[in-house]
Amino acid sequence: MGTLWFKILIQAIFMVWLMSQYLHHVNYVYGADEIIWCKESESLALLDFKSGLVDDFGILSSWERNQDCCKWWRGVFCNNQTGHVEYLDLSGYYINPLVPSGGLGYVPRRLKGHIHVSLLELKHLVYLNLSYNYFPNTHIPQFFGSLSNLQYLDLSRSYFSGQVPSNLGSLSKLLYLDLQDNKLEGSIPYQLGNLSSLWYLSLCDNGLQGTIPSQLGKLSSLMLLCLGGHGTLGALTVDEDGGRWLTNLTSLITLDLSEVRNLSNSYTWMQIMVGNNNLSRLQELVLENCFLTDHYLTKFISNFKSNSSSDSLTSLDLTNNYFESPMIFKWISQVNPNLVFLELSFNSLQGPIPSDFGTAMKYLQELNLIGNRFTKSKDLRSLADICSLRELSLMENNLDEELATVLQNLSSAANSCAGHSSSLQVLFLNMNQITGEFSSIWSTSFPSLVQLSLAGNCLTGKIPEDTTLPSQLEYLSMGSNFFTGGIPKSFGDACYLNTLKLDNNFLSEELPLIVNNLSGGCARNYLQELYMNTNQINGSLPDMSKSLPFLQVLRLEENNLKGTIQADYRFPSQLAILRLDSNSLQGVISDSHFANMSKLKYLSLSDNSLALIFSQNWVPPFQLEEGISLRSCKLGPAFPKWLQTQNSSLVDISNSGISDVVPNWFWAKLALPIPMTVDISLNNLRGTIPNLPVWPGYVESLNLASNQFEGSIPPFLSGVNTLDLSNNKFSDSRLFFCAYNNGTTDMLLGLLSISNNTLSGSIPNCFSHFKSLGYLDLSHNNLTGMIPSSIGSLVNLGVLVLSNNRLTGKVPFALRSCTHLIRLDLSENKLSGPIPSWIGSSHKILALLSLGRNHFLGSLPLNLCDLPNLHLLDLSFNNLSGQIPRCFKNCTALATQISFPINDYLTYQVNIGGEIFFRSMSYMAILMWKGEQRIFIMKHLLLKSIDLSSNQLSGQIPMELAELLGLVSLNLSRNSLTGKIPSKIGMLTSLEFLDLSRNQLSGSIPSSITQIDMLAMLDLSHNHLAGEIPTSTQLQGFNASSFEDNLDLCGPPLSKLCKEVVKPPLPPPKVDEDYIEDWLLSHGFYISMVLGFATGFWGIFGSILLNRRWRHAYFRFLSNLMDNIYVTVAVKYFKCKKRLKALQS
């Protein structure tokens, strides 16, 4: 905040000096026209300087050889006494008064080329401003250090690279040096410390490295010092002596050390910045993204002198650090109680802010806590005690309470400000999770509110009819919530309401009633911007020319508006932006509808049933600089002539019924030096495109798809950033690709599609100068020959589609250099040779690989398993042999059921008039799925597929394929696979398509297949499967053809029933005399045995048991028998032992 203010102040001082010079200059010139004061040598030097520049905007058009250079109206001012050129202002910064306040606010008008050394002739030059130009790959000229009288040098935002020239330190008179936001590298030259008169030094937003030189401490007059990185790759560090040289900068007002990497290791630096009396004038301190933490703060507080604080510091920016606890608030209130501006956004702050913080900060007016982790508004109660607070931003936190609770905790009804109404004027609560309904507490708790944002929350219900808005409210944003109903009448009584945003809700009231409510009070005289797009508002379009006469922005797109726009309808005359697209409006729009709309800058009527019929020579009263969007309106059949009068940054007349030849003036407009997007696709435009001598370097996107253009593609179109020529009849591209193939010119083309044309011959080998190309689609043509090796120079290529041609030969090895490929589609050609193994080793982010319908041979390279991001593999209809690799389980994306992280968008760099932008697009994959071609947008790509069909693969289906849990489609048909279907195939529960037909598979169908309940297509036909088809509702629902020609397969849905295993029935009992006789004999034997055993046992045992003498005699007999046996065995044993000893001796 302060940095910008200070820069404006310094520039204002120089402008005062300039005006004094200029007024003398004007008086003198008009007083004596016959005298030429411009020095001839300086005039020639300026013309030489001009000759080295590329001037797309005609900025230097008045620089002519036969005119006095002091009279050149742009950029040159001379001393009124000496005639020497002292002031040269060629900044590309141009304030555009036509751009709405919500836009960029400026349009860069950049010079390009190189800076001629002839500027050395301007020995009296005091002021040189080359900011906001485009000098890529250009070092800051060394000779600038020889412009000894220079006091002001501004080279900011001009894409200079290299190092900061050390000889700039010899410019002893220099007061102002701004090198901010370039591509500078290396260290900060210590020689800059010699610029003893310097007031302003900005080296921010570069890639500078190394230690900040202590010699900068000699710049005692310095008032602003900005060295921060702000998101660049710089690695500046502070010195080890604690930054004592900083104490010499006694005039310093603004200090920016953002992204200084080791600042978090130094406590002395912080003490000098926030508590040193030598920096008594320091008002603004910026320490953004300096890796400061709670731990650092704790140690600093323990070493910090409690009696030291900064009375002068009014602005402190600690954005993007790592503070979590509320101790930061306590520290700030102790050492910086005089702060007016405090920025603590994008930390991780949570928990209650200390209760005494609010009372201590008596002067704080603006507090930003964006992007932290506050969840409960009670933790923010202390903020209500800041009686001076004017602006409070709590957007992008995690507040999840009811709106009434949040407002109650933030209001000052019962705090130290009691008796005084809240002074808060700006309150941003957007992008939280606040619930509840909109209430009227605003008018009592926050009566001074001027701006209020509640967008992006979870507010519901209708806005109450009795809602009273704060009387001073000018800006109210409640978009992206869940409001229903309409807008209450009370909103019409908000007399200062300038902007009302209720977009992206569920409002469903009729538009005439809403307009009537808003226009019923004093709001009708102040309301200028009305955003109600993306709702469910219905009804017809009411006349707002009288009810809301001062509207400048009206956005009603994406609603349910119906009805016919009558011939006498009038729009509000002050409108600058009108969007009615994506409704159901009908009628004829004529020139009378726009008769009084001279301020209109943006018009969108797309996707309605409107016809635009204008007078043949109609000249619109407006200039639609911001955009013309008339997609799907009826403009034809003739090409709209009135567009010739418009110089718009957006032209969309696609699908508008035009059947004509595009006039040359339309192509010539592509050379206008304004950022431009043009879409004339989906018409019946015909003829050839002339090769005009223009260069559309500012055209971001040109869409000519789906027309009837023919002939050769002109080379001037290669200056476009995004070019879609698909679905036409172009027959030759050689001139387009090769006209500028001189080795010195790098094309800016980032996206190119020439698919579905009639291109023939070989692909031109002229891609080496298309370094920015990220998307190339030449599919569906008649291209022949080999893929050119120069495609390997497209190192930024993310998508390459060459399918449906007649290309031959091998995949070029040069393609290995395209390591950023996400999609590679070479299918349906005549390519041959083995599949390159380097595809797996060099293209780690490859997600879609389609090589089907070619003549590839050999085995599948194991390197394909090294593609962790692989979602789709199509190698069908080739001559591949060998076995299916088991390592496919290493493809992480295929093995994961959840949606694996993938580059949803292809990101590419575009250069629009020297302004570098990064664009992204959701690219498409046209896939064969369930028998038809469908388009899968990558953002929603859940399809994970392997197609190896129609090859000569053999061996068994690897069991590991059952581990690819994310597979949605598996096609192994028409090969020579043998063995059984993997028993665990039921683990593939995401499978919707399974084709194993026309192989030599045997065995039964695994019962686990019934677990795949999402299966929509199954084909197991023409194999050798056997047994019963497992029973499930799903399998029996398939057609019998899915199982046909498996001779031993049976069961539904096949008509062949499985045979039951049935035991033969027993014969009836037969009366047989022999059987009866045998039965009696066999059973008699067993009966006799039982009777004999009983008689013998009880005859002996019973007598012993009953007769005592017999019992004693029996047991004596047994005892004597045992003794005799023992004695006999013992005698025999000793005799044998004695004999053995005798034999051994």
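Visitor: What are the ground rules?
Guide: Residues are numbered from 1 along each chain as its sequence is written, and side-chain values use heavy atoms, with hydrogens and water left out. In this predicted model, local features need pLDDT of at least 70 and side-chain atom pairs count only at pLDDT 80 or more, while totals for chains, interfaces and linings use all residues.

Visitor: How many helices and strands does the protein chain have?
Guide: There are 14 helices and 69 strands. Both are DSSP runs, numbered from the N terminus: helices are H or I, at least four residues, and strands are E, at least two.

Visitor: Why is Asn-707 called buried?
Guide: Buried means under 20% relative accessible area, exposed over 50%, partly exposed in between (1.4 Å probe, protein chains only). Asn-707 has 2% relative accessibility, so the residue counts as buried. Asn-707 sits in the loop between strand 41 (699-703) and strand 42 (708-712).

Visitor: Which residues is Asn-707 in contact with, leaving aside its neighbours within four places in sequence?
Guide: Among them are Ile-680, Leu-682, Asn-727 and Asn-728. Contact means heavy atoms within 4.5 Å.

Visitor: What makes Asp-400 and Lys-376 a salt bridge?
Guide: The rule asks for a side-chain nitrogen of Lys or Arg within 4 Å of a carboxyl oxygen of Asp or Glu. Here the N to O distance is 3.2 Å, so the pair qualifies. The two residues are 24 residues apart. Asp-400 is at 36% relative accessibility, so Asp-400 counts as partly exposed. Lys-376, at 32%, is also partly exposed.

Visitor: How many salt bridges are there by this rule?
Guide: The count is 10. One of them joins Arg-579 and Glu-557, at 3.7 Å, N to O. Arg-579 lies in strand 33 (residues 577-579) and Glu-557 in the loop between strand 30 (553-555) and strand 31 (560-561), so the pair ties together parts 22 residues apart in sequence. Glu-557 is buried, with a relative accessible area of 2%. A network of salt bridges links Arg-555, Glu-557, Arg-579 and Asp-581.

Visitor: Why do strand 32 and strand 36 stand at the edges?
Guide: The open sheet has three strands in the order 32-34-36, with parallel pairing. Strand 32 (564-565) and strand 36 (609-612) each have a single partner strand, so one side of each is left without a neighbour in the sheet.

Visitor: How do you know that strand 34 and strand 36 pair?
Guide: Two strands pair if DSSP finds at least two bridges between them. Strand 34 (residues 586-589) and strand 36 have four, in the parallel sense.
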